[in-house]
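Me: I have a protein model here and would like to know what stands behind the words used for it. Could you take me through them?

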Amino acid sequence: MMTKLYETCATVLVVASVLFSTAALAEKNPKLHQIRKVNAVLFEPGDFGKFLVATYSGIYSISGDGSAQHIAPKAGGLTELIRHPEQPNTLLSSGYRSKTEKLGVMRSQDGGKTWQLLSKGANNPVAFHAMAYSPSKPSLIYATGVGKELHASWDGGLNWEIVGKTPEQVFDITVSRTDPNQVFLATRVGLFKSANGGKTWSSAHPVKRTTTMVNVTAGGSVLAFIYGYGLVTSGSEDTLSWKKSPTNFVDRAIMNIAINPTKPSQMLGVIDTGAVFVSEDHGKSWKSFEGQDYATSERVTAGRNLYEENCAACHGEKGVGEISENGSKVDENGLPLAPAMNDSAHAWHHHDEQLIGTILNGSPRNERMLPWKEHGVTRKDAESLVAYIKSLWNFRSLACQGSRDMSCMH
Ligand code: HEC
């Protein structure tokens, strides 16, 4: 398990050469789930139905239906994206221009559309993978790259200094709501806290495993993700008493999080596979952003009823797949039996639209899978069926859905 995350996180941290050789997205207006790797997510201030994502090919603006507008395609291979706590149009980012060239610290003053180089960093151009404003003193910014150095700027990102060593490689960083010297680090060996601006560190959670995300919420609670353990929250940032959320994340990790400032129960999470998830209950339960509008409990129930009536005869109770009486794997025509719809087969290798398409139009390879639109199944029914089918999948299958299965094959 551990090795897997090291590999995954290594690809997040050491921007692998593949990222720049990947062909650009073929489609002009892709959907969020078609964007290969999302590194950071931020709600839009004026319109919380929208959010920005930083990717290895610049910035996209995402609408509630998942459609992605490429607002800054040339901004570079971006590894982080943060917003000024008091000036909503001011954003900072960092990352890579090419395989070998680091971007330094980039600033946008128009909400992410245009970007300028603000600073190279302390010495040579930096590629910060984690950055955080101090909410109570926004001229102060902390940042880390792939090394074990903590960088800080006291003038909004123009000049940088290396203020100290971090205990280990850092995945995420956050600053107290009220105290500019209180800093949290999510590192390869656990969560750490500093009370003196990063000069010294102490352990902040008893589980000393790779911690990939940390965030102090507007309400002053701390949220962190510990790989192989789960999402933990502490009601206060001073007396750290932790609670663990009930979701089983299997072998996936939340790398970055955005909390809706007008509705703090609502969060977006970026998973290590690059998929974006939504939580409506402070992070207790999560659903994939893809198909989130029809993944309601009413639609899942409607989908289950349709499934039991029309599909279970072949695809089995709860999607276990067709099991023949004589143990054969093919039907009387030598064609494969109805595949499992739970996460034991390949259903999760398909995006929602592909599953909906198969349900409505049938299979060109096997006439036993009917074109259900000719048998009274509407588009809305097909969506409900997919919502039900996805409710049978675990977190891992949801995070690996569609073309992301390639990043889940270690
Ligand atoms: C008479 C048996 C039968 C029934 C009933 C049936 N299917 Fe299928 N289904 C199949 C077979 C066989 C395949 C494999 C087709 C192929 O290999 O191309 C399949 C394939 C699929 C696939 C594609 C899976 C993949 O991994 O590519 C989906 C999705 C699906 N069915 C959903 C449904 C739903 C939803 C219903 C109910 C509305 C349904 N099926 C009813 C036999 C059936």
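Reply: Happy to! Helices (H or I, at least four residues) and strands (E, at least two) are DSSP runs, numbered from the N terminus. This is a predicted model, where local features need pLDDT of at least 70, side-chain atom pairs count only at pLDDT 80 or more, and totals for chains, interfaces and linings use all residues. Residues are numbered from 1 along each chain as its sequence is written.

Me: What makes α4 and α5 part of the shell around the ligand?

Reply: α4 (312-315) and α5 (352-361) each supply at least two residues of that shell.

Me: How do you know which residues surround the ligand?

Reply: A residue is near a molecule if its C-beta atom, placed from the backbone, lies within 6 Å of it. The ligand is surrounded by 22 residues, and Cys-311, Cys-314, Ala-338, Ser-363 and Met-369 are the closest.

Me: Why are β17 and β18 called paired strands?

Reply: Two strands pair if DSSP finds at least two bridges between them. β17 and β18 (residues 222-226) share five bridges, in the antiparallel sense, so they pair by that definition. Met-213, for example, has Phe-225 in β18 as its bridge partner.

Me: What makes β17 and β20 edge strands?

Reply: The open sheet has four strands in the order β17-β18-β19-β20, with antiparallel pairing. β17 (211-216) and β20 (242-244) each pair on one side only, which makes them the edges.
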